[in-house]
Amino acid sequence: MIFERKHRLPVEEYRGEVVVSFTACTRGRRALFTTPRVVQSLVDCLRLACAGTWTSAMICCFMPDHLHTVLAGSTVMADTLSAMSAFKQRSGFWLAQAGMRHAWQKDFNGHVMRRDEDLCKHIRYIANNPVRAGLVERWEDYPFTGAIGHDLRAIIDGLATR
């Protein structure tokens, strides 16, 4: 019997003006996110998912076999969990149409950022993931890191606030 892992927090915790760090991996850790065409299509999927749920992406970093993103709710109506679920559904459909069926692992990890956590430090850590993986020497050189609705450079430099 297969058991699906539940999110550790009630869904209400992902709603409203919250900031949530998500990680989603490809099935079997296959390196699918390696070309501008694929990644741009997935960024478009994420942009649409955010727009429909009153959220934005403070950072999205598409590593070859996984995605790190930090989604921020902009209103009390925002739903970061729905944004991530919609993104995976929309991008999964696009990937299947592109011949990459069953691209995503079934679920994803999400961490609701507490007010006392250093958000800029967390985002810098994500931005430097390609550096730690040996893909580039500086995070700015990695073509698949960006933001939707935010100035990523300002966040990383510590100039932006929640």
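Guide: Helices and strands here are DSSP runs numbered from the N terminus, a helix being H or I over at least four residues and a strand being E over at least two. Under that convention, histidine 68 belongs to strand E3. The model is a predicted one, in which local features need pLDDT of at least 70 and side-chain atom pairs count only at pLDDT 80 or more, while totals for chains, interfaces and linings use all residues. Residues are numbered from 1 along each chain as its sequence is written, and side-chain values use heavy atoms, with hydrogens and water left out.

Visitor: Is histidine 68 buried or exposed, and which side chain does the side chain of histidine 68 meet in a polar contact?

Guide: Burial is read from relative accessible area, where buried means under 20%, exposed means over 50% and partly exposed lies in between, with a 1.4 Å probe and protein chains only. Histidine 68, at 15% relative accessibility, counts as buried. A polar contact is a pair of N or O atoms within 3.5 Å; within protein, one must be able to donate a hydrogen and the other to accept it, and residues adjacent in sequence count only if both atoms are side-chain atoms. The partner of histidine 68 is the side chain of asparagine 129, at 2.8 Å. Contact, in turn, means heavy atoms within 4.5 Å, and, not counting residues up to four places away in sequence, histidine 68 touches several residues, including Phe22, Ile59, Cys61 and Ile126.

Visitor: Which residues of helix H3 are buried, and why do they line one face?

Guide: An α-helix has 3.6 residues a turn, so residues three or four places apart point the same way. In H3, which spans residues 119-127, the buried residues are Leu119, Cys120, Ile123, Ile126 and Ala127. Looking down the axis of H3, these residues fall within an arc of 120° and so line one face of the helix, the arc being that of the directions from the helix axis to the C-beta atoms. The face turned away from the buried side carries exposed Lys121 and Tyr125. The buried residues pack against strands E1 (19-25), E2 (55-63) and E3 (66-73), and also against helices H4 (129-132) and H5 (152-156).

Visitor: Which residue caps the N-terminal end of H3?

Guide: That is aspartate 118, one of whose side-chain oxygens lies 3.3 Å from the backbone nitrogen of cysteine 120.

Visitor: How many salt bridges does the structure hold?

Guide: A salt bridge is a side-chain nitrogen of Lys or Arg within 4 Å of a carboxyl oxygen of Asp or Glu, and the structure holds seven of them. In one of these, the closest N and O atoms of aspartate 79 and arginine 15 are 3.4 Å apart. Aspartate 79 lies in the loop between E3 and helix H2 (80-97) and arginine 15 in the segment before E1, so the pair ties together parts that are 64 residues apart in sequence. Aspartate 79 is buried at 13% relative accessibility, whereas arginine 15 is partly exposed at 41%.

Visitor: Which residues are linked in a network of salt bridges?

Guide: The network links Glu140, Arg153 and Asp157. Glutamate 140 pairs with arginine 153 at 2.7 Å between the closest N and O atoms. Since glutamate 140 sits in the loop between H4 and strand E5 (145-148) and arginine 153 in helix H5, this pair ties together parts that are 13 residues apart in sequence. Aspartate 157 also pairs with arginine 153, here with the closest N and O atoms 3.4 Å apart. Glutamate 140 is partly exposed at 33%, as is arginine 153 at 35%, and aspartate 157 is partly exposed at 44%.

Visitor: At what angle do the axes of H1 and H2 cross?

Guide: Two packed helices are described by the angle between their axes and the distance between the axes. The axes are lines fitted to C-alpha atoms, for helices over the stretch in contact, and angles run from 0 to 180 degrees between N-to-C directions. The axes of H1 (residues 36-51) and H2 come within 8 Å and cross at roughly 145°. Among the residues that meet are Leu42, Cys45 and Leu46 in H1 and Ala86, Phe87 and Trp94 in H2.

Visitor: Where is threonine 53 placed?

Guide: Threonine 53 lies in the loop between H1 and E2, and is buried at 10% relative accessible area. The side chain of threonine 53 makes a polar contact of 3.0 Å with that of threonine 55. Leaving aside neighbours within four places in sequence, the contacts of threonine 53 include Met77, Asp79 and Ala83.
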